Amino acid sequence: MKNKKALEMSFAWIFAIAVGAIIIVLAIYFAANLVKSGYNEGNTRAARELVNVLDPLQTSVEDGKAQRIELIDETRIYNYCEKIGDFGSNKIEVSERNRFGGEGWTRPGGDIKTESQYLFSENTIEGKSVYFFIKPFKSPFKAADLMVMYSENYCFVNPPEDIKTELEGLTNDQNSNIDIKNNLIDCQNSSVSVCFTSGRECDVIVEGNCNSLNCESVYDSGTVIKDDGELTYTGGLLYSAIFSSKEIYECNINRIMKRVNYLSELYIEKSKFVSVRGCGTNLQVELTILSELSKNLEDSSGLLSIKAISDEINDKNIGVCRLF
Amino acid sequence: MQTFLKMEHKKLSKKAQLKIQQMSFMLIAVFILFALVGLFYLSYKALNLQKEVIELRKEKTQALVTKIASTPELIYESRANSIDADKLMLLRGEEKYKEFWGIEGIIVQKIYPVTENSECRVSNYPDCSTIKLFTQSNSAPISSFISLCRKDSNNGRIYDKCELARIMIEISDDVEFNYE
């Protein structure tokens with residue numbers, strides 16, 4: 001009767017189990033937090049390194065550059081663009097594939113802000129290799145380096161001769177992920193197709209509209225038609241429009257125009273400065289118009305009027321007293 | 001008999017209390033040990049992080065001089081490694097470029113031909129030797145040699161005058177650098 005077969009435990013045991021459980025829970029909590037902060041640190045460092053790598057890629061007097069960057073792990077890069085401030089900024093966040101969680105991605109690390117770089121890309125790109133395509137933007141003086149970032153394969157279908165030559169000159173199998181094909185059916189199914197004639201079943205359609213005397217090709221300016229809308233481009237902005245989302249493209253155009261505005265003002269001041277030394281330039285009126293147009297630009301559709309005044313300035317900027 | 005039982009119960013209770021105390025001390029000791037290991041690990045990580053920050057900033061600064069020298073605001077007529085002295089003079093006081101370039105200041109010092117050592121102002125330009133942007137320092141740790149160019153005239157004939165100069169970049173020094 002007395003044996004009730006109950007498990008008898010002393011208080012010491014109960015106390016040890018309770019405190020032990022608390023210690024294990026705390027240990028698991030701190031370990032999980034440590035892993036999380038480790039990922040955060042790694043992702044922030046990767047974003048900083050990526051932005052650092054971009055600095056030497058900027059062009060000096062070259063016409064363009066292409067570069068491939070190989071990442072250690074499968075990585076997702078988030079590109080944000082902000083217009084706020086004197087020059088606006090691009091913000092980069094990086095997230096690596098979760099090595100323990102199968103298909104998932106780790107939480108992005110801290111964002112790295114860059115004011116002096118103009119990064120054109122889709123809002124999010126992912127892959128183990130990231131490709132860069134750098135072209136200077138001239139309006140008519142060099143105002144910025146357009147840094148196009150992509151990871152997907154792009155297939156240019158029957159591009160005009162000058163674009164084909166430029167792409168072939170800038171890129172090769174190692175530093176680009178661009179194919180040039182004569183027909184759309186020759187492109188890989190997974191690639192983003194870029195066509196230069198409307199009416200085709202392409203992901204991106206480029207329509208040229210440059211007909212003035214200053215145009216070397218009809219594609220010197222025009223429109224890029226994509227799923228997320230139409231983007232107007234001039235000159236080197238063609239590639240930026242093809243490879244980036246409308247949101248990033250329009251924001252970066254706004255940032256570049258802020259810089260064109262400041263540079264125009266600088267050249268107006270310079271023209272006054274050198275005229276004292278007998279170097280008259282006669283460009284002040286046109287530069288003032290360019291400054292006003294770039295300051296008030298609302299979206300990329302205004303680029304055509306900026307191109308027109310830029311061409312005018314370029315034609316006048318000749319001789320020993322040229323400004324740029 | 002009752003007194004004996006009471007005494008025995010008291011003895012057992014004291015023994016149990018002692019055991020609980022022993023266990024508590026042991027658990028506290030284990031806890032302190034874990035906390036110490038954790039602290040040691042965190043300080044080690046913090047030290048490593050500081051080293052990495054220095055490395056990353058070093059990487060950035062190495063490319064900075066080349067970048068600044070070829071920036072559209074300073075380059076002279078799209079010539080590689082040439083800086084426009086007139087533009088430099090006009091950019092003095094344009095503080096917005098400090099954050100844009102991520103620098104604290106720029107010092108450009110003419111080296112050849114040798115001229116009287118004086119800071120350039122509107123009143124003495126171009127007969128001066130040093131142009132300073134956003135700083136009053138006379139030197140900075142990161143430097144490179146460049147051509148400092150401007151338009152000049154000789155008997156009414158305009159020409160490009162370029163002189164050998166040294167560009168020095170001052171950066172924020174919240175992290176100490178060791179240059180080897």
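Visitor: What's the bridge partner of Cys155(A) in β9(A)?

Guide: Ser193(A). This is a predicted model, where local features need pLDDT of at least 70 and side-chain atom pairs count only at pLDDT 80 or more, while totals for chains, interfaces and linings use all residues. Residues are numbered from 1 along each chain as its sequence is written, and chains are lettered from A and ligands numbered from 1 in the order in which they are written.

Visitor: Which way do β7(A) and β9(A) run?

Guide: Parallel, with four bridges joining β7(A) to β9(A), residues 192-195. Strands here are DSSP E runs of at least two residues, and helices are H or I runs of at least four, numbered from the N terminus.

Visitor: And how many bridges to β8(A)?

Guide: Four, again in the parallel sense, with β8(A) covering 178-181. Strands pair if DSSP finds at least two bridges between them. Val157(A) partners Lys181(A) there.

Visitor: Are the β7(A) residues buried or exposed?

Guide: Buried, with Tyr154(A) and Phe156(A) pointing one way and Cys155(A) and Val157(A) the other. Buried means 20 or more other C-beta atoms within 10 Å of the residue's own, placed from the backbone.

Visitor: New topic: how many residues of chain B are in contact with chain A?

Guide: 32, against 36 of chain A. Contact means C-beta atoms, placed from the backbone, within 7 Å.

Visitor: What gives the largest share on the chain B side?

Guide: α1(B), with 13 residues.

Visitor: How is chain B divided?

Guide: Into domain 1 (1-58) and domain 2 (70-170), with bounds from an automatic or database domain assignment. Their centres, over C-alpha atoms, are 64 Å apart.

Technical notes
Buried ≥ 20, exposed ≤ 12 C-beta atoms within 10 Å, placed from the backbone. Contact = placed C-beta atoms within 7 Å.
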